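Hi,

Here is the structure I promised to send over. Have a look at it first, and then read on for my notes.

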Amino acid sequence: MSRPRVALLEAFGPEMQQTVERLTGGVLDIRYPASNDEADRAAILHDVDYAVVRAVKMPPVLLDAAPNLKLLHQWGTGTDGLPVAEALARGITVARSPGRNAPSLADHTLGLMIAVLKRLCVGDARVRAGEWLEPGIYDKGRDLTGARVGLVGYGAIAKEVAKRLAGFSCEVTYTRASGPIEGVPGFLSLDDLISGADVVSLHLPLTPETRHLMNAQTFARMRPGAVLINTARGGLVDQEALLAALESGQIGGAGLDVFDPEPLPAEHPLRRAPNTVLTPHMGGGTRDNLARIVGHWSGNVTAHAAGRELDPRDLVTG
Ligand SMILES: NC(=O)c1ccc[n+]([C@@H]2O[C@H](COP(=O)([O-])OP(=O)(O)OC[C@H]3O[C@@H](n4cnc5c(N)ncnc54)[C@H](O)[C@@H]3O)[C@@H](O)[C@H]2O)c1
Ligand SMILES: O=C(O)[C@H](O)COP(=O)(O)O
């Protein structure tokens, strides 16, 4: 039997391609685009049955370039970058890897929280610039230990974050669209969560309803000096309002792994915003996580190619 043909719709460099090949054991015939340009991505789609999307969004028009596509798989969890409705309308199965990257994302979230609260990047930049202690550091720095942390969304990643925060004696609150979870204390309305937290951390999907959930009004309701962490999706935050809140000192800092658009333009003013730690959508970027994620979607591709049903929990239905 010929190997299933897969388009991996992100321009990974040779090292990453080799790693994916090693993890999939050569059982898939994987094609990679020469760049993330639409034309280069379209060029590898014409004869594949499977496509996988990581952080570079797939516009609906690319489906026209993939007449044989049978399964469209999100590399991780968030499906906002997939043309879900259009694919389903063409009879293409859409799937994702729920929860697989949650441990890695939770580690990244905690790392950003500590880095921002303790102003690690400010200190690092000063030492590298030949300076020393930041004036006023003892008034500005905060501990994660004992902080009030509000989690917006309480799915796979937020639950892993909450587990880790218990070790820091944090007071954890959460909100989610479908109300409190039985046996899990700390549920608040979004408004109450935002106005009571020292750290607001986003862990929900980007949808038309959640776009710019963090905006000028919500930043104004945050406690003075509180910080924002976003490892979910850039579009959840109105970046202009975030910049204004950082520059005015209304909020004390931000840790961001995701932006709108990505990559963040080279001259974007967020790159120079005070007390910000910015990472390039690499929350799941570890060796440990890659094995889990690639193992999961490649397993689904081979199962589909062998005519087996996918786990219904992996299916995206709308
Ligand atoms: N930075 C990265 O590399 C990276 C990696 C994985 C996931 N993500 C993002 O993180 C998000 C969360 O991932 P997850 O695995 O925890 O997802 P999940 O599906 O397990 O949980 C999502 C949570 O959001 C809640 N929610 C949905 N709509 C809401 C709303 N309007 N208001 C409040 N809560 C709402 C749901 O109830 C659920 O609790 C994903 O959607 C994805 O966008 C980013
Ligand atoms: O780095 C990742 O894993 C990407 O964000 C894709 O995962 P997601 O779809 O879960 O965000």
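Start with the salt bridge between the side chains of Arg 233 and Asp 80, where N and O sit 2.7 Å apart. Keep in mind that this is a predicted model, so every value here is computed from predicted coordinates. The chain splits into domain 1, made of 5–98 plus 285–314, and domain 2, which covers 102–278. Across the interface of the two domains the rule finds 1 salt bridge, along with 3 residue pairs in polar contact.

How many residues are in contact on each side? Domain 1 brings 7 residues and domain 2 brings 5. Putting the two domains together buries about 500 Å², with carbon and sulfur atoms giving 41% of that area. On the domain 1 side, the residues losing the most area to domain 2 are Asp 80, Asn 289 and Arg 292, together 61% of what that side buries. The domain centres, taken over C-alpha atoms, are 30 Å apart.

One is an open sheet of 5 strands, parallel in its pairing, in the order 2-1-3-4-5. Its edges are strand 2 (29–31) and strand 5 (93–95), each pairing on one side only, and the twist averages 20 degrees from one strand to the next. Strand 4 (residues 71–74) runs parallel to strand 5 and is joined to it by 3 bridges; His 73 stands opposite Ala 95 there. Helix 11 (residues 287–305) lies across strands 1, 2, 3, 4 and 5, at about 165 degrees to strand 4.

The other open sheet has 6 strands in the order 7-6-8-9-10-11, again with parallel pairing. Helix 10 (residues 239–247) lies across strand 9, strand 10 and strand 11, running at about 140 degrees to strand 10.

Cheers

Notes. Residues are numbered from 1 along each chain as its sequence is written. Chains are lettered from A and ligands numbered from 1 in the order in which they are written. This is a predicted model: local features need pLDDT of at least 70, side-chain atom pairs count only at pLDDT 80 or more; totals for chains, interfaces and linings use all residues. Side-chain values use heavy atoms; hydrogens and water are left out. Two strands pair if DSSP finds at least two bridges between them. Helices (H or I, at least four residues) and strands (E, at least two) are DSSP runs, numbered from the N terminus. Axes are lines fitted to C-alpha atoms, for helices over the stretch in contact, and angles run from 0 to 180 degrees between N-to-C directions. Contact means heavy atoms within 4.5 Å. Domain bounds come from an automatic or database domain assignment. Buried area is the accessible area (1.4 Å probe) that two parts lose on being put together, summed over both. A salt bridge is a side-chain nitrogen of Lys or Arg within 4 Å of a carboxyl oxygen of Asp or Glu. A polar contact is a pair of N or O atoms within 3.5 Å; within protein, one must be able to donate a hydrogen and the other to accept it, and residues adjacent in sequence count only if both atoms are side-chain atoms.
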